[in-house]
Amino acid sequence: MKYSLAVMALLFATTLPAQQLEIHFLNVGQGDAAIIQEGRRTAVVDAGTTTGVGAFLQSFGIDTVDLLIASHPHADHIGGMPEVLQTHVVRFYLDNGVPYTTAIYRQTMTAIRASGAQYLTATNRTITLGAAQLHIVAPPPNTTINNASVGILLEYGQFRALFTGDSEQEELRYWLASGAIPRVNVLKVAHHGSANGTSAGWIAATKPQAAVISVGAGNSYGHPSAPVIAEWENAGARVYRTDRDGTVFVVANEDGSFVITTDRADPNGVVQFRPFTQDSVEPAIAPVEATSPACCRVCSTGKACGNTCISRDRQCHQPAGCACNAKP
Amino acid sequence: MKTAFYAVDRLERNVAVLVSDRGETIEIPRLELPTGTREGSVLRVRFGAQNLPDWSSAVIDRDEEKRRLKEAKQQLDEMKRTDPGGDITL
């Protein structure tokens with residue numbers, strides 16, 4: 001009976017309207033990069049250490065980035081910015097407004113100016129991306145580079161995801177004190193899962209169902225911290241790591257439900273998460289494992305390509321994924 | 001004697017990540033850098049016999065750091081003036 005209900009629930013999910021929010025936590029080695037798509041609108045949060053994000057964007061058939069965000073000017077977050085700015089139309093560029101001394105920062109600034117992108121400062125403001133809202137959570141003033149990371153609270157109906165760059169304890173405390181941090185469905189764990197990017201108070205406030213660590217295999221910095229992973233898991237979060245899972249792909253519905261699959265998951269490895277009740281004090285609902293092949297995305301106007309939908313007139317260069325074509 | 005600038009991109013535990021003026025990143029043990037090195041410091045480094053940076057020669061160049069920050073701040077200030085402010089709909 002339980003099996004039948006799970007399968008029915010999955011089938012129901014696959015018949016939902018195609019309008020969904022997609023988040024790709026890209027496997028860019030030791031660095032951060034994520035692509036957010038809602039309808040025809042695209043935002044990119046950080047661009048990894050070197051080139052590569054541009055190729056991801058091209059493989060998804062994206063030639064315009066509506067909003068490009070640099071959480072902070074460390075090279076493992078802005079290294080790929082010049083490439084994105086030079087190879088794609090970028091409409092808006094937002095960063096933390098902190099000047100820096102590296103050549104990579106200077107190249108990024110040059111590329112922003114050459115691109116014609118509209119510059120935005122990281123004040124507490126809301127940027128609407130189709131049916132999704134990106135609430136910019138401003139960093140504290142006069143602090144270290146990591147603690148000046150731009151926070152982004154992404155809302156899509158009842159679904160919430162939080163991006164925090166390389167925030168450390170000082171910034172996490174500042175944000176908690178501001179009252180701006182709600183419980184979220186998906187959290188990008190701060191500072192590549194480092195011990196200084198997580199605290200008990202932060203876990204209690206965000207209490208995500210899925211925690212994503214963007215990290216490179218065999219890095220020199222000891223990222224991620226094993227105790228940090230255990231803390232998130234003990235709080236009920238399913239932890240994903242780009243070094244082991246590859247790119248982590250989230251498809252969210254406005255009711256707060258979402259599915260996650262990864263590059264390295266087997267074809268049945270779609271994990272479905274139910275919505276949580278906003279004011280519930282119950283522990284995070286355990287994810288329901290898919291027991292049969294399921295679609296993470298149903299393509300009605302476009303066609304399936306890997307884990308996403310693309311226009312019917314585009315050629316697909318992705319291997320088979322979890323996206324399906326709608327039944328005629 | 002050939003010299004070059006390296007900016008300290010970040011300090012991660014015992015590792016310093018430096019960026020050359022060509023945009024290349026290099027990791028070296030933090031202990032090899034001069035006392036007082038912090039994120040954003042600009043180091044002037046001599047090259048040794050094998051045309052490799054001799055980190056023992058590294059000195060912090062505060063004037064170069066200030067110059068770079070001033071230039072970056074001027075560019076940022078110009079861009080900030082174009083920010084339309086408030087919420088944005090894409």
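I count two strands as paired if DSSP finds at least two bridges between them. Helices (H or I, at least four residues) and strands (E, at least two) are DSSP runs, numbered from the N terminus.

**Ground rules.** This model is predicted, and I kept local features only at pLDDT of at least 70 and side-chain atom pairs only at pLDDT 80 or more, while totals for chains, interfaces and linings use all residues. Residues are numbered from 1 along each chain as its sequence is written, chains are lettered from A and ligands numbered from 1 in the order in which they are written, and side-chain values use heavy atoms, with hydrogens and water left out.

**Chain A overall.** I looked up the secondary structure of chain A and found 9 helices and 21 strands. Of its 328 residues, 59% are buried, where buried means under 20% relative accessible area, exposed over 50% and partly exposed in between (1.4 Å probe, protein chains only). I then turned to contacts, meaning heavy atoms within 4.5 Å. Taking those in chain A between residues at least 6 apart in sequence, 61% join residues at least 24 apart.

I traced an open sheet of 8 strands with mixed pairing, in the order β13(A)-β12(A)-β11(A)-β10(A)-β9(A)-β8(A)-β7(A)-β6(B). Its edges are β13 (238–241) of chain A and β6 (88–89) of chain B; each has a single partner strand, so one side of each is left without a neighbour in the sheet.

Next I followed β12 (residues 210–213) of chain A, which runs parallel to β13(A) and is joined to it by 4 bridges. A:V212 has A:Y240 as its bridge partner in β13(A). β11(A) and β12(A) also run parallel, with 3 bridges, and A:V186 is partnered by A:A210 in β12(A).

Which way do the residues of β12(A) point? A:A210 and A:V212 go one way, A:A211 and A:I213 the other, and all are buried. In a regular strand, side chains alternate between the two faces of the sheet.

Helix α8 (residues 226–234) of chain A lies across β11 (186–188), β12 and β13 of chain A, and runs at about 140° to β13(A). For such angles, axes are lines fitted to C-alpha atoms, for helices over the stretch in contact, and angles run from 0 to 180 degrees between N-to-C directions.

**A:N146.** I found A:N146 in the loop between β8 (132–137) and β9 (151–156) of chain A. A:N146 is buried, at a relative accessible area of 5%. Leaving out residues up to four places away in sequence, A:N146 touches A:H72, A:H74, A:D166, A:S167, A:E168, A:E171 and A:H191. Its C-alpha atom is 9.6 Å from that of A:G197, 51 residues apart along the chain.

**Chain B sheet.** Here I noted an open sheet of 5 strands with antiparallel pairing, ordered β3-β2-β1-β4-β5. The edge strands, β3 (25–29) and β5 (53–60) of chain B, each pair on one side only. Strands β1 (residues 3–12) and β2 (residues 15–20) of chain B run antiparallel and share 6 bridges. B:L11 stands opposite B:A16 in β2(B).

Last, I checked helix α5 (residues 103–115) of chain A against helix α1 (residues 62–80) of chain B: their axes come within 11 Å and cross at roughly 25°. The contact includes A:Y105 and A:M109 of α5(A), and B:A72 and B:L76 of α1(B) among others.
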